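This report describes a protein model in plain terms. Please look at the sequence and the structure first.

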Amino acid sequence: MNALELKIPPPVVLLLSALAMWLVARWLPQWSWPSAALTVLGGVLAVAGLALIVTAMRTFARSKTTINPLKPAESALIVSHGVFARTRNPMYVGLAMILTGGACYLGHVVAWLAVPLFVAYITRFQIIPEERILLGKFGAPFAQYRSQVRRWL
């Protein structure tokens with residue numbers, strides 16, 4: 001296990017990424033291409049991402065399992081219905097959508113780098129360790145779910 005695995009809550013990673021995007025946009029304003037259409041698209045993406053997160057959290061709550069991303073071993077069951085039938089990680093997809101919305105809103109070339117970096121970080125230090133723990137806990141049923149439903153989209 002790596003020292004960063006399951007250590008930083010994904011919403012904190014989102015906030016740090018968003019802060020970095022905002023700072024870069026302020027420090028290098030000449031690389032911006034503001035657009036009303038991108039601003040609207042950014043808002044739509046952010047709201048859709050938030051809605052996806054809320055939907056996933058409600059699904060977990062109804063299933064009576066933990067939503068704490070730092071303690072996947074406390075999961076009571078594999079949730080594979082609702083939005084979890086389309087993606088194994090709808091909350092992380094929602095966070096990535098919010099960050100993408102922020103990149104659109106800022107209209108800055110460098111801000112877009114935060115999105116793939118966020119996805120890479122979350123995949124390596126959050127999702128892969130979660131999957132390792134869930135596979136150890138649930139075995140074949142989780143392996144089957146993992147083979148049927150994509151990690152992201």
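The protein has 14 positive and 4 negative charges, and their mean positions are 7 Å apart. Lys and Arg count as positive here and Asp and Glu as negative, while His and the chain ends are not counted. Each charge is placed at NZ of Lys, CZ of Arg, CG of Asp or CD of Glu.

The model is predicted: local features need pLDDT of at least 70 and side-chain atom pairs count only at pLDDT 80 or more, while totals for chains, interfaces and linings use all residues. Residues are numbered from 1 along each chain as its sequence is written, and side-chain values use heavy atoms, with hydrogens and water left out.

**Overall build**

The protein contains 5 helices and 0 strands, and from the N terminus on its elements follow the order α-α-α-α-α. Helices (H or I, at least four residues) and strands (E, at least two) are DSSP runs, numbered from the N terminus.

Along the principal axes, the C-alpha atoms fill a box of roughly 50 × 30 × 25 Å.

Of the 153 residues, 40% are buried. Buried means under 20% relative accessible area, exposed means over 50%, and partly exposed lies in between (1.4 Å probe, protein chains only). The accessible surface of the protein is about 8400 Å², and 70% of that surface belongs to carbon and sulfur atoms. Accessible areas come from the Shrake-Rupley method with a 1.4 Å probe; for residues, only the protein chains shown count as cover.

Among contacts in the protein with a separation of 6 or more, 78% join residues 24 or more positions apart. A contact means heavy atoms within 4.5 Å.

**Helix H3**

Helix H3 covers residues 90-106, 17 residues in total, and its first and last C-alpha atoms are 24 Å apart, close to the 24 Å expected at 1.5 Å a residue. The expected span is 1.5 Å times one less than the number of residues in the helix. H3 is mostly covered, with 13 of its 17 residues buried.

Threonine 100 belongs to helix H3 and is buried, at a relative accessible area of 18%. Leaving out residues up to four places away in sequence, threonine 100 touches Leu45, Trp112 and Val115. Its C-alpha lies 9.1 Å from that of alanine 111, 11 residues away in sequence.

Glycine 102 is also in helix H3, but with a relative accessible area of 23% glycine 102 is partly exposed. An α-helix has 3.6 residues a turn, so residues three or four places apart point the same way. Just after H3, glycine 107 takes a positive phi of about 60°.

**The loop between H2 and H3**

Alanine 73 sits in the loop between H2 and H3 and is partly exposed, at 47% relative accessibility. Alanine 73 touches Ile133 and Lys137, when residues up to four places away in sequence are not counted.

Serine 80 is in the loop between H2 and H3 and counts as partly exposed at 38% relative accessibility. With residues up to four places away in sequence left out, serine 80 touches Ala85 and Tyr145.

The table lists C-alpha separations for three residue pairs.

| Pair | Apart in sequence | C-alpha separation |
|---|---|---|
| Glycine 102 and valine 115 | 13 residues | 9.5 Å |
| Alanine 73 and isoleucine 133 | 60 residues | 6.2 Å |
| Serine 80 and threonine 59 | 21 residues | 9.7 Å |

Most residues other than glycine have a negative phi, and most peptide bonds are trans. Leucine 6 is not a glycine, yet it has a positive phi of about 55°. Leucine 6 is found in the segment before helix H1 (10-27) and is buried, with a relative accessible area of 9%.

Lysine 64 likewise has a positive phi of about 55° without being a glycine. Lysine 64 is placed in the loop between helix H2 (36-62) and H3, and at 69% relative accessibility lysine 64 counts as exposed.
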